[in-house]
Amino acid sequence: MHTMTKDRLLWADDEIDLLKPHILFLEEKGYEVVTTTNGQDALDLCREEAFDLVFLDENMPGLSGIETLNLIKELLPSLPVVMITKSEEEDIMNQAIGSKIADYLIKPVNPMQMLLTIKKNIHKDEIIHETTATSFQQNFMKISQQINESSSSENWKDVYRKLVYWELELEETKTGMEEMLRQQKIEANNLFGRFIRKHYLDWIDHPESRPLMSPDLFKANVFPLLDAGETVFFILIDNFRFDQWQVIRRLLGDRFNIDESMYYSILPTATQYSRNAIFSGLMPLQIQQLFPDLWVDEDEEEGKNLNESPLIQTQLNRFRKKYEFSYTKINNNQIGERFLGNIKSLMSTPLNVVVFNFIDMLSHARTESKMIRELANTEAAYRSLTESWYKHSAISGLFDFLTDQPVKIILTTDHGTIRVDNAIKVIGDKNTNTNLRYKVGKNLNYDPKKVFELKNPDRHELPSPNVSSTYIFASDNDYFAYPNNYNYYVSYYKDTFQHGGISLEEMLIPFITLEPKKK
């Protein structure tokens, strides 16, 4: 565990002579221990020499332990200082903790206690690093086997949960195994793509036996809560993946009871289709047929998700639910602030739907978001951006308010997003849509081995802009590029986050129910 240079400890105690056995014990464990009998000398030694940890007696003549602690912290804010005291007075504990001590030991101290404190403060990272690496190696084969044997929608949820768990663990400890996991994720997405091709159409044809999907959310999860008399906040964050949820979960866990699950987005995993399916409780073709004025075709200029509130109303009407609801879309912080100012008045409304356009709010301008590309060029950076957005946007104020309210909260999304790095060629006419993970058009030209194609969209509940429209979906880390201007296109979009196609990240998305913990 230890490197060749010994870790150096400074121990200040006016009765240091009585502690000889402890010092010998630590020296046998490979530490160099420098001793002194008062606070002033401890401070001078800290100025002149480098130490890895300081043990500080609280009750010394001259400078007290607390005074010495504060002076050392001013000088070396990151040096761990462990306070040792005879006293069990709470006030001294509070002062020491307030001054950011690393640990607090009460005399008589036991050598093993001291060793534990040293390991916790000096060696914690390397111990965690080694343990995580070993644990991942042990799990790697199990996960590989599970990926190869996954044959049900629940199996795939479990695989994806594990991959996300390890991605976050390895990111924190930098074990050098990230590449192994990345390859494992690529393999998983490849087999998941095959699984979806095999089962997806069957799911669309047999809603009664499929896993929970976009059109089922309200019927299965929202209406039962309303019928039980709950006040419900249905919060939808655009482009919100399961790994991003894990980052936010850490910020909510101490205030809410959390029930965490996932559901499957319909294809295309794009706002116009998946979000409208959630709010209407219908597949896209049904929306187009029943409510033509609320469906916007691919080739129309109009915004694709302007009719969410009327679509919610159609679903309430269809299920004969008489509940009032509010609908707020938050695209920028100004709207967010206004919403928070008005939030108390929503507590008498049974259903409150709040949509956060996370990506819009990050990129500010509707450009192809160069800023996000710069800031979020890796998965870890994308997660960290999510956390920072959460802390500084209205959603954090919303959760702060809801902490004290008798409400049920559903937190979810309409689709996830995947980082793409492999371009595949497709040729289409000028009416073909611009999305990089799915295309819909007539006379599309592509390699059928590389895509999932739907030649009869209406059989699968998707609208056809033309009589002979075909939908094609990219899977793995692929994205579609046109042959003209190919090289520019390929380099422009490589390593960007896209959605619309088939992947664990886009289709297997968080569906979280939260309830404030009773105070």
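Two residues are in contact when heavy atoms of theirs lie within 4.5 Å. The model is predicted, so local features need pLDDT of at least 70 and side-chain atom pairs count only at pLDDT 80 or more, whereas totals for chains, interfaces and linings use all residues. Residues are numbered from 1 along each chain as its sequence is written, and side-chain values use heavy atoms, with hydrogens and water left out.

## Nonpolar cores

Not counting residues up to four places away in sequence, Y200 touches M213, I266, L267, M283, F452 and M507. A nonpolar core is a set of buried Ala, Val, Leu, Ile, Met, Phe, Trp, Tyr and Cys residues joined through side-chain atoms within 4.5 Å. Here buried means under 20% relative accessible area, exposed means over 50%, and partly exposed covers the range in between (1.4 Å probe, protein chains only). The largest nonpolar core has 104 residues, of which W156 and Y200 touch the most other members. Helix α8 (residues 178–205) supplies the largest share of this core, nine residues. Another core, of 20 residues, lies apart from it and includes V34, L45, L79 and M83. In soluble globular proteins, nonpolar side chains tend to be buried together.

Helices (H or I, at least four residues) and strands (E, at least two) are DSSP runs, numbered from the N terminus.

Strand β1 (residues 8–12) is mostly covered, with five of its five residues buried. In a regular strand the side chains alternate between the two faces of the sheet. Both faces of β1 are covered: R8, L10 and A12 are buried on one side, and L9 and W11 on the other.

Two strands pair if DSSP finds at least two bridges between them. Strand β1 runs parallel to strand β2 (residues 32–36), and five bridges join them; A12 has T36 of β2 as its bridge partner. Strand β3 (residues 53–57) also runs parallel to β1, joined to it by four bridges, and here F55 of β3 stands opposite W11. Together with helix α1 (residues 20–28), β1 and β2 make a right-handed β-α-β unit. A crossover is right-handed if, with the strands pointing away from the viewer, the path from the first strand over the helix to the second runs clockwise.

## Salt bridges

A salt bridge is a side-chain nitrogen of Lys or Arg within 4 Å of a carboxyl oxygen of Asp or Glu. A search of the whole structure finds 32 salt bridges. The table lists three of them.

| Pair | N to O distance |
|---|---|
| K157 and E154 | 3.1 Å |
| R241 and D243 | 2.8 Å |
| D495 and R419 | 3.6 Å |

K157 is buried, with a relative accessible area of 7%, while E154 is partly exposed at 49%.

Both partners of the second pair are buried: R241 has a relative accessible area of 0%, and D243 has 1%.

D495 and R419 form a salt bridge with their closest N and O atoms 3.6 Å apart. This pair links distant parts of the chain, since D495 is in the loop between α19 (486–493) and β17 (497–498) and R419 is in strand β11 (residues 418–419), 76 residues apart. D495 is partly exposed at 29% relative accessible area, and R419 is partly exposed at 24%.

Salt bridges that share partners join E167, E171, K185, R241, D243, E379, R383 and E505 into one network.

E505, in helix α20 (residues 504–507), is buried with a relative accessible area of 4%. Leaving aside neighbours within four places in sequence, E505 is in contact with Y160, K185, N189, R241, G416, T417 and I418. A polar contact is a pair of N or O atoms within 3.5 Å; within protein, one must be able to donate a hydrogen and the other to accept it, and residues adjacent in sequence count only if both atoms are side-chain atoms. The side chains of E505 and N189 make such a contact at 3.0 Å.

R275 belongs to helix α11 (residues 271–280) and is buried, with a relative accessible area of 0%. The side chain of R275 makes a polar contact of 3.4 Å with that of D238.
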